[in-house]
Amino acid sequence: MSKFRLKIAGLLTMLVMVAGLVAGCGDTASKDIKIGVVYELTGNTASFGTAAANGAKMAFKEINAKGGVLGKQIQLVIADNKGEPSESSNAMTKVITQDKVVAVTGFTTSSNGIAGSAVAEANKIPFVAAATTNPKVTVDEKTGKVKDYTFRVCFIDPFQGTVGANFALNSLKTKKAAIMIDNSSDYSKGLSQFFKEAFTKGGGQIVAEEAYLQKDQDFKTILTKIKATNPEILYVPGYYEEVGKIIKQAREMGITIPVVGGDGWDSPKLTEIGGPAALNNTFFTNHYSVEDTSPASKAFVENYKKEYGQMPDAMAVLGYDAAYVLVDAIKRANSTEPAKIREALAATKDFKGAAGDLTLNSTHDAVKGAVIIEMKDGKQVYKETVKP
């Protein structure tokens, strides 16, 4: 009797093990592909992060509606980096080590992107940044080596700064520039440097350089110093929150010269903060214009308006393109193994994005054109396109 019981017990154990294996296999087969989406959803640049996250969410929704990738649905793991480098490290660490994502897309500001990339590199997880333009995002500042797992879908500041300088020299016909630098921002410091180099190389003169910090409110002392140097143009490569206040206060002080900046201006809040009239005679370099007439761009704008009830900005389209570039790499890799995704990302060429065609070069940066946007009565007006 005891032998019979032992046989029954053994058979039951085997059945349980087989059932467990079948359940395990079924679970594995049905698992979604987890992708981290880390953006500035709160904090000083929340307008950027929210728009880019909306673009990413719309992209992944479209991809899932068409069957997903590799026969699986994409599951988003969304995290807020709160617009701070330390929080960026924390958010990246969480989605990678706790949520076990196979790749990450996100980030719209360079200081946060640099912090996030350090975590991605340490964990060997592919990271596609949306709008971080400082060279240090993809190239290690200490070693000068290209980071293995970090990529981006935007142009970088040496190109953007040169475009801004040449526009000031050739289109606006100015020769004397003053610069206001956000000393708390890698983005602002880098863009200022590249603008200065190109402007002076082109025969221009920098008559004043003044610094401020994010979250500063009163810029009149700095603007008084700048006004005394009689510049013909003011270059402010900052983020919309401070830029709006700087331009408003400058106009109140009778500074009517053109003001030029970078893609950090691109937010609906710029007009809210600065005021439509004050922003006349201002220009900025950007990744994209909603006046782009390409089929991909027009489809994106219409779908975004339907999804969110508003016009997209450049951050939205970059978030969208970053998501699609990442999924395209997973598809070409035919794998969710991070190393294989990384290899496919590095081979990205002539990708058809909503913000234009792009190729990722040897430093993992997007080779693509820039547009000049003019502010007229509170609205963005496309002025010209500059190819790389």
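The largest nonpolar core of this predicted model comprises 101 residues, a nonpolar core being a set of buried Ala, Val, Leu, Ile, Met, Phe, Trp, Tyr and Cys residues joined through side-chain atoms within 4.5 Å; buried means under 20% relative accessible area with a 1.4 Å probe, protein chains only. Phe60, Met180, Phe195, Leu223, Leu234 and Phe300 have the most contacts inside this core. Helix 11 (residues 314-333) supplies its largest share, 15 residues; helices are DSSP runs (H or I) of at least four residues and strands (E) of at least two, numbered from the N terminus. Another core, of 15 residues, lies apart from it and includes Ala79, Phe107, Ala120 and Ile125. Beyond its neighbours within four places in sequence, Phe300 is in contact with Met58, Tyr288, Pro312, Ala316, Val317, Tyr320 and Ala354 (heavy atoms within 4.5 Å).

Phe300 also takes part in the contact between helix 2 and helix 10, together with residues including Met58 of helix 2 and Tyr304 of helix 10. Helix 2 (residues 46-65) and helix 10 (residues 295-308) pack at about 100 degrees, their axes 11 Å apart; axes are lines fitted to C-alpha atoms over the stretch in contact, and angles run from 0 to 180 degrees between N-to-C directions. The two helices are therefore roughly perpendicular (65 to 115 degrees).

Three bridges join strand 11 to strand 12 (residues 356-360), and Gly353 has Gly356 as its bridge partner.

Residues are numbered from 1 along each chain as its sequence is written. Local features need pLDDT of at least 70 and side-chain atom pairs pLDDT 80 or more, whereas totals for chains, interfaces and linings use all residues; side-chain values use heavy atoms, without hydrogens and water.

Technical notes: Pairing = 2+ DSSP bridges. Parallel < 35°, antiparallel > 145°, perpendicular 65-115°, else oblique. Buried < 20%, exposed > 50% of the residue type's maximum accessible area, 1.4 Å probe, protein only.
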